[in-house]
Amino acid sequence: MSKELEIEFKNMLTTSEYDLLIREFRLEPTDFFTQTNYYFDTADFQLKDRLAALRIRKRESHYELTLKTPEQIGLLETTQILAEEQVTAILDGANIPVGPVRDYLGTFGIDHQNLVMFGSLTTTRAEKSYKKGLLVFDKSFYGNTHDFELEYEVTDFEKGQAVFTRFLEDRGIPKRPTMNKILRFYEAVYKEK
């Protein structure tokens, strides 16, 4: 189990901006990996209403259950590793296993037995170290759509914000309001229905 403060800056990209960055950073197909997020909430979106998110992330044969909750700066990620059999059981309707994520859900007054899976989002991702942070190049697929996003993960909010703003300005990429992936997923999937 781990708890980690996530501080990241995000910006949506056009296809051409994404392609330019891939070329600039000389990213090859072998630099990319694929991960799938399975999103959970209560039927009445109690987590979403608290600006929190619960997901299982699958990357190759590695599985993590992560609850993201808002902090004054960034998000607190409470994560526990799952075995493949646990993930299969959860996706088939079993309860969240005993552990810190389930315990933390209880502090919100959310009964883990009321959680349902709403769907999945698959991302093709590459990562590059950049000025004491990590640039993340994402192409995500969900519902009937896909999008491109640049993230910059840092440990210092103010320095990271300055570096990311300068990065975008130097490349003529406009700063765009960017919802996190789970909100984009909800918007796209529920708009399609």
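Is Tyr152 buried or exposed, and at what relative accessibility? In this predicted model, Tyr152 has a relative accessibility of 1% and therefore counts as buried, the cut-off being under 20%. The ring centres of Tyr152 and Phe164 are 6.2 Å apart and the planes meet at 10 degrees, so the two rings are stacked. The pair joins distant parts of the chain, with Tyr152 in strand β8 and Phe164 in helix α5, twelve residues apart. Phe164 is buried as well, at 2% relative accessibility. The structure holds 15 aromatic pairs, and ring pairs link Tyr152 and Phe164 into a cluster with Phe9, Phe25, Tyr130, Phe137, Phe157 and Phe167.

Side chains of opposite charge can pair when their charged atoms come close. There are 15 salt bridges in the structure. One of them joins Glu149 to Lys10, with the closest N and O atoms 3.3 Å apart; Glu149 is in strand β8 and Lys10 in strand β1, 139 residues apart. Both of these residues are buried. Glu149 forms a salt bridge with Lys181 too, at 2.8 Å between the closest N and O atoms. Because Lys181 lies in helix α6 (residues 181-192) and Glu149 in strand β8, this pair ties together parts 32 residues apart in sequence. Lys181 counts as buried at 6% relative accessibility. Salt bridges with shared partners join Glu8, Lys10, Arg125, Asp138, Asp147, Glu149, Glu151, Lys181 and Arg184 into one network. Within this network, Arg125 and Asp138 meet in a salt bridge at 2.7 Å, N to O. Arg125 is in strand β6 (residues 115-130) and Asp138 in strand β7.

Asp41 is buried but has no salt bridge, and the nearest side chain of opposite charge, that of Arg50, is 7.1 Å away. Its side chain does make a polar contact with the side chain of Thr42 at 3.5 Å, and reaches the backbone nitrogen of Leu47 at 2.9 Å.

Helix α1 (residues 15-24) has Glu17, Tyr18, Leu21 and Ile22 buried. These four residues lie on the same side of α1, because they cover an arc of only 135 degrees around the axis. An α-helix has 3.6 residues a turn, so residues three or four places apart point the same way. The buried residues of α1 pack against β1 (2-13), β7 (133-142), β8 (145-154) and α5 (157-170). Just after this helix, Arg26 takes a positive phi of about 50 degrees.

Note on methods
Residues numbered from 1 in each chain as written. Predicted model: local features only at pLDDT ≥ 70, side-chain atom pairs only at ≥ 80, totals over all residues. Heavy atoms only, no water. Buried < 20%, exposed > 50% of the residue type's maximum accessible area, 1.4 Å probe, protein only. Lys, Arg positive; Asp, Glu negative; His and termini not counted. Salt bridge = Lys/Arg side-chain N within 4 Å of Asp/Glu carboxyl O. Polar contact = N/O pair within 3.5 Å; in protein donor to acceptor, adjacent residues only side chain to side chain. Helix = DSSP H or I, 4+ residues; strand = E, 2+ residues; numbered from the N terminus. Arc of directions from axis to C-beta. Contact = heavy atoms within 4.5 Å. Phe/Tyr/Trp six-rings, centres within 6.5 Å; stacked < 30°, edge-to-face > 60°.
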